[in-house]
Amino acid sequence: MPAYKDFIIERRRVRHARINVNHELRVLVVIPMRYSQAELQILLAEKRKWIEKQLAFFSKGRESFIELIPGEILFLGKAI
């Protein structure tokens, strides 16, 4: 599995569990208040491939970023 920064599980007043993976390689799992640990493990096992696919997609995009230091601008693909 590609590396990710955070894996956060939040219990909220929601009806259905959901998983969000963002460009910062953060995985957020929102589950209902009464969701058991066993249900959570099943959800994560079922969605493991999807999570890995999303992390790989966002990791691939990060490889092409050009790092700029303060005072630099990007001009024709080069830091100036």
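## Ground rules

Since the model is predicted, local features need pLDDT of at least 70 and side-chain atom pairs count only at pLDDT 80 or more, while totals for chains, interfaces and linings use all residues. Numbering runs from 1 along each chain as its sequence is written, and side-chain values use heavy atoms, with hydrogens and water left out.

## Overall fold

The protein chain has two helices and five strands, counted as DSSP runs numbered from the N terminus (helices: H or I, at least four residues; strands: E, at least two). Along the sequence they come in the order β-β-β-α-α-β-β.

Of the 80 residues, 22% are buried; that means under 20% relative accessible area, with exposed being over 50% and partly exposed in between (1.4 Å probe, protein chains only). The chain's accessible surface is about 6,600 Å², and carbon and sulfur atoms own 56% of that (Shrake-Rupley method, 1.4 Å probe; for residues, only the protein chains shown count as cover). Looking at contacts (heavy atoms within 4.5 Å), 33% of those with a separation of 6 or more link residues 24 or more positions apart.

## Val-21 and its neighbours

Val-21 sits in strand 2, residues 18–21, and counts as buried because its relative accessibility is 7%. Leaving out residues up to four places away in sequence, Val-21 touches Arg-26, Val-27, Trp-50, Ile-51, Gln-54, Leu-55 and Phe-58. Its C-alpha is 9.9 Å from that of Asp-6, which is 15 residues away along the chain.

## A nonpolar patch

Ile-73, Phe-75, Leu-76 and Ile-80 make a nonpolar surface patch of about 480 Å². Patch members have over 30% relative accessible area and no salt bridge; like charges are joined within 9 Å, nonpolar side chains (Val, Leu, Ile, Met, Phe, Trp, Tyr) within 5 Å. Phe-75 belongs to strand 4, residues 74–75, and is partly exposed because its relative accessibility is 48%.

## Salt bridges

Side chains of opposite charge can pair when their charged atoms come close. There are three salt bridges here, each a side-chain nitrogen of Lys or Arg within 4 Å of a carboxyl oxygen of Asp or Glu. Arg-12 pairs with Glu-10 at 2.5 Å between the closest N and O atoms; Arg-12 is partly exposed at 34%, and so is Glu-10 at 27%.

Arg-26, one of the residues Val-21 touches, bridges to Glu-24 at 2.9 Å, N to O. Glu-52 and Arg-48 pair at 3.0 Å, both in helix 2 (residues 48–62) and four residues apart, about one turn of the helix.
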